[in-house]
Amino acid sequence: MSVASPTGEPSAPRLHVVTGKGGTGKTTVAAALALALAADGGHVLLVETEGRQGIAQLFDTPPLPYEERRVAVARGGGEVKALAIDVEAAFLEYLDMFYNLKRAGRALRKMGAVDFATAIAPGLRDVLLTGKIKEAVTRRAGGRPVYDAVVVDAPPTGRITRFLNVTNEVAGLARSGPIKSQSDGVMAVLRSPRTAVHLVTLLEDMPVQETADAIEELTAAGLPVGSVIVNMATEPLLPAASLGRAAEGRITGKDLLPALTAAGVHGGPELADALAAEAVEHARRWSSQDALREQVAALHRPTVELPLTVGPMDVGCLFDLSERLETHLRDEVAA
């Protein structure tokens, strides 16, 4: 999942921002991507920004506090730590870091001033969130980065550009000083080859259109777009030779009845007609998905498909999806 640097040279990102229309499974994809990046000994931080505790649910752990905790061990001794960013805690951390006002910050929290500040200046919330993400990406110990990669379960496509475009958000808050300096530092990371914004979609009209719109907005804002991840993709149940015929409605119960009778399946013409109707519906749905695949291909971004998981999502399913993403990562590096 590489992006092109301003000089045209490929560069492997260290910050992976995962977005998608609501319902596309972006949190699941972010978790699977973190596992893929942690394979073979990598140290990865998985960050949640929306306060839904979706990461804790996926990894079957208690709700995450505002601290980095290990949630999984990957192949080869790698590990995934997770962090649910709490805006209030990030605000207090910010006050202490830039103004040495930790005690005052606690008093402000008791007064409800933190909620008030983020309510009257909504852009401040995104400044705090992206600032914490940037700190994790750039943090070093012993001369090397603490994390090999940081994966962010980001807001949905409808507001991803606004969330990441911190410079515009902060313009109305401050023209100079620590807030402005911090936002400039964040944008230096977000607009660099160290970052890739990946978009999760389904093979449905609205998610594909939102993906296309988001890519256009991100590109216009100078933010680096990574891969398009088609989630919950299904395989056709009919042979390729039969799909076109079924999609045209040229399979009937009369066509199926002899085979059902020969196989000893009882139900007669009524069952045959019902099965034929299901076959036609499936083929038409598959044909529609294929048309949407062409639209995704027209976005000219690296693309990977993840299969639909039958049953509840658990850690085992995440590891299965991560293997698909590992292959995609290797292919991207090779390309």
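Accessible areas here come from the Shrake-Rupley method with a 1.4 Å probe, and for residues only the protein chains shown count as cover. On that basis the accessible surface of the protein comes to about 16,400 Å², of which 54% belongs to carbon and sulfur atoms. The model is predicted, so local features need pLDDT of at least 70 and side-chain atom pairs count only at pLDDT 80 or more, while totals for chains, interfaces and linings use all residues. Residues are numbered from 1 along each chain as its sequence is written, and side-chain values use heavy atoms, with hydrogens and water left out.

Of the 335 residues in the protein, 46% are buried, meaning under 20% relative accessible area with a 1.4 Å probe, protein chains only. A nonpolar core is a set of buried Ala, Val, Leu, Ile, Met, Phe, Trp, Tyr and Cys residues joined through side-chain atoms within 4.5 Å.

| Nonpolar core | Size | Residues, among them |
|---|---|---|
| Largest | 43 residues | L15, I133, V150 |
| Another, apart from it | 33 residues | L33, A38, V44, L306 |

Eight strands form an open sheet of mixed pairing in the order 5-6-4-9-3-10-11-12, where two strands pair if DSSP finds at least two bridges between them. Strand 5 (69–73) and strand 12 (303–307) stand at the edges, each with a single partner strand, so one side of each is left without a neighbour in the sheet. Strand 10 (residues 195–201) and strand 11 (residues 225–233) run parallel, joined by four bridges, and L199 stands opposite V228 in strand 11.

Methods
Buried < 20%, exposed > 50% of the residue type's maximum accessible area, 1.4 Å probe, protein only. Helix = DSSP H or I, 4+ residues; strand = E, 2+ residues; numbered from the N terminus.
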